[in-house]
Amino acid sequence: MANVGQEEDFEAAKEKALNIGATKVYIEDLRREFVEELIFPAIQANAIYEIEIAIRENCKFISHGCTGKGNDQVRFELAYYALKPDIEVIAPWRIPEFYERFPGRQALLAYAAEKNIPVVQTVKKPWSTDENMFHISYEAGILEDPYCTPPKDMWKLTVDPEDAPNTPERISVSFEKGIPVKVVNHGDGTTITDPLQLFIYLNTVARRNGIGRIDIVENRFIGIKSRGCYETPGGTLLRAAHIDLEGLVLDRQVRSLRDQFITPQFSQLLYNGQYYSPECEFLSASLLESQKTVTGEVKLKLYKGNVIIEGRKSDTVKLYDMEESSMDVQGGFSPVDSDGFIKILGIRLKKWKKSAL
């Protein structure tokens, strides 16, 4: 079991595992690795350590509890096979004897009650949740009706935006080559540079300001549409700051190519469980190359579920020239040059229009 920041009683989990038949229990604190190697580079892959344990214990089989209809089964198993090609997977939710006896969560909850197996879900709150330091997801139960509003007490990480403080909270986040390196709270002076503590703190400030909730219908890899609710507090702050900083320091053609061709493909590979693939390795290198100039600082205002950008700067990358962009001074740019520029661009359009007449 990996501690990747989920709010869980790990000693209770260990005791539970031993009580239901486990002979050994490994609980590893992987929070720092999760932040530095996965969250900050904006990639996801949580199965590495499970395979390492399997190799250490000379295991021939590995099991998971993913539903047979979801994406997680694909992500887990493709990672297993990429890291240990000879491993065999046991997936109970795809074994007829299992899912015919336990057709849904209600049957599993009844079995857990009968056998005194402690679970956090209840008949009234049967949410399927996956939690780590980056986010938590909610599915199942009444959420399967995409028109049903999630109950207020379902959300675990963030306060309701309506109940968030009436006074905005202001912070700044600094990046070096696209990686967050410092956060400063302008209200109380808190300054953090350690990667793990930085992300924990961003989660803290985002959660108390009601930031990071979304409710969407998505397309699972296997072809089924699924409604899911998510909370991604700290990640929402970082994404907003990072996107804004790129506008200041990233060349427009590099950003255009990255956004059109690399980011969509990279995101799809991650969603579909293809992290350990040659194409993902290729795209990862391209993404790193695009981040060489993404260094600077972004000011954020956090207020009742909103992330509002209030400024950005870079002391090292000088693509933005205040005088050149000014409406008050020429700044070395001659407006006469625009005349020829527009005429050249207009040649093709004029010919197209004439040919249509």
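Reader: What should be known about the model and its numbering?
Author: This is a predicted model in which residues are numbered from 1 along each chain as its sequence is written, and side-chain values use heavy atoms, with hydrogens and water left out. Local features need pLDDT of at least 70 and side-chain atom pairs count only at pLDDT 80 or more, while totals for chains, interfaces and linings use all residues.

Reader: How do you know which parts of the model carry low confidence?
Author: The guide is pLDDT, the predictor's confidence in each residue, from 0 to 100. The protein chain averages a pLDDT of 89, and 97% of the residues score at least 70. Over residues 43-50, however, pLDDT stays under 50. Where pLDDT is low, the predicted coordinates should not be read in detail.

Reader: How many helices and strands does the protein chain have?
Author: It has twelve helices and 13 strands. These are DSSP runs numbered from the N terminus, helices being H or I with at least four residues and strands E with at least two.

Reader: Why is Glu-246 called buried?
Author: Buried means under 20% relative accessible area, exposed means over 50%, and partly exposed lies in between (1.4 Å probe, protein chains only). Glu-246 has 2% relative accessibility and therefore counts as buried. This residue is found in helix H8. Leaving aside residues up to four places away in sequence, Glu-246 touches Arg-255, Arg-258, Gln-291 and Val-294, where contact means heavy atoms within 4.5 Å.

Reader: Is Gln-253 buried, partly exposed or exposed, and what makes it so?
Author: Gln-253 has 47% relative accessibility, so it counts as partly exposed. Its place is in helix H9.

Reader: Why is Asn-58 called exposed?
Author: Asn-58 counts as exposed because its relative accessibility is 65%. The residue is found in the loop between helix H3 (48-56) and strand E3 (61-63). Asn-58 also has a positive phi of about 55 degrees, although it is not a glycine.

Reader: What makes a group of residues a nonpolar core, and which residues touch the most other members of the largest one?
Author: A nonpolar core is a set of buried Ala, Val, Leu, Ile, Met, Phe, Trp, Tyr and Cys residues joined through side-chain atoms within 4.5 Å. The largest here has 33 residues, of which Ile-171, Val-173, Val-183, Leu-202 and Leu-237 touch the most other members. Two or more residues come from each of helix H2 (31-39), strand E7 (169-176), helix H7 (195-208), helix H8 (233-249) and strand E12 (296-303). H7 gives the largest share, seven residues. A second, separate core has eight residues, including Trp-127 and Tyr-138. In soluble globular proteins, nonpolar side chains tend to be buried together.

Reader: How are H9 and H10 said to pack?
Author: Two packed helices are described by the angle between their axes and the distance between the axes. Helix H9 (residues 252-271) and helix H10 (residues 278-290) pack at an angle of about 145 degrees, with axes 10 Å apart. Axes are lines fitted to C-alpha atoms, for helices over the stretch in contact, and angles run from 0 to 180 degrees between N-to-C directions.

Reader: What makes up the contact of H9 with H10?
Author: Its residues divide into eight nonpolar, five polar and two charged. Here Ala, Val, Leu, Ile, Met, Phe, Trp, Tyr, Cys and Pro count as nonpolar, Asp, Glu, Lys and Arg as charged, and the others, Gly among them, as polar.
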